[in-house]
Amino acid sequence: MKNLVIIILSVLLLSAANAFAGDDNQKTHSISINIPEVALLNLEGGSSISLSPTAPTEAGGAFDFSTAVNSDIWVNYSSIISGQASRNVTVQITSGTVPAGLTIKLKASEYSAAGGGGKGTFGKPTGEVTIDNTAKNVITGVKSCYTGTGVKNGHNLQYALELDSNSKDPYSLLSEGSTPITVMYTLTDDK
């Protein structure tokens with residue numbers, strides 16, 4: 001009888017162990033991480049600028065175009081892009097025309113930041129470009145990054161108004177007045 005009790009207890013313990021083994025104390029589920037593509041661009045430092053050469057103060061003097069520069073505007077961007085792809089910042093005139101005898105040159109600075117700024121792989125300036133109604137790269141190689149917001153973050157844009165070096169007599173083409181021009185910047189995928 002003693003053996004029978006031991007056998008019954010053993011069977012009961014074994015059954016209980018198997019019953020508890022079927023009840024896991026661990027469960028799993030999956031997590032899907034989705035980072036959206038982002039391509040945002042903003043201009044900081046004002047909504048308009050003025051480019052004016054200094055008029056001569058003495059008869060026979062020339063205009064001083066070295067003073068017709070402006071560096072008030074900063075371009076900020078945020079970009080999330082996949083793999084080896086990159087983006088460019090382009091510029092073009094979308095409204096108005098540069099008066100005959102003149103050109104507008106633009107140069108973007110290297111990335112800089114006030115107080116730490118952004119992180120990631122920032123774009124590189126392409127050098128000086130002449131602005132017209134054709135989109136031209138100003139900054140290339142933008143990858144996943146953010147520049148920080150506001151002035152002194154991102155790339156500073158320097159505009160310069162110059163006499164058109166391709167014109168035989170640019171002074172003869174100049175006339176008095178103010179000419180409004182709209183310039184558009186676009187953060188585009190590099191193709």
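Start by selecting Ile35, in the loop that runs between α1 (2-21) and β1 (38-44); helices (H or I, at least four residues) and strands (E, at least two) are DSSP runs numbered from the N terminus. The model is predicted, so local features need pLDDT of at least 70 and side-chain atom pairs count only at pLDDT 80 or more, while totals for chains, interfaces and linings use all residues. Residues are numbered from 1 along each chain as its sequence is written, and side-chain values use heavy atoms, with hydrogens and water left out.

Colour Ile35 by accessibility: Ile35 is exposed, at 64% relative accessible area (exposed is over 50%, buried under 20%, partly exposed in between; 1.4 Å probe, protein chains only).

Next, select Ile80 in strand β2. Ile80 is partly exposed, at 33%. Its contacts (heavy atoms within 4.5 Å), leaving aside neighbours within four places in sequence, include Ile35, Pro36 and Ser144. Draw a distance to Ser144: the C-alpha atoms of Ile80 and Ser144 are 4.3 Å apart, although 64 residues separate them along the chain.

Now move inside to the largest nonpolar core, which has 26 residues (buried Ala, Val, Leu, Ile, Met, Phe, Trp, Tyr and Cys joined through side-chain atoms within 4.5 Å). Strands giving two or more residues to this core include β2 (69-80), β4 (102-108) and β10 (155-163). The largest share, four residues, comes from β4.

Finish on Tyr77, one of the residues with the most contacts inside that core. Beyond its neighbours within four places in sequence, Tyr77 touches Leu40, Phe122, Ile139 and Leu187, among others.
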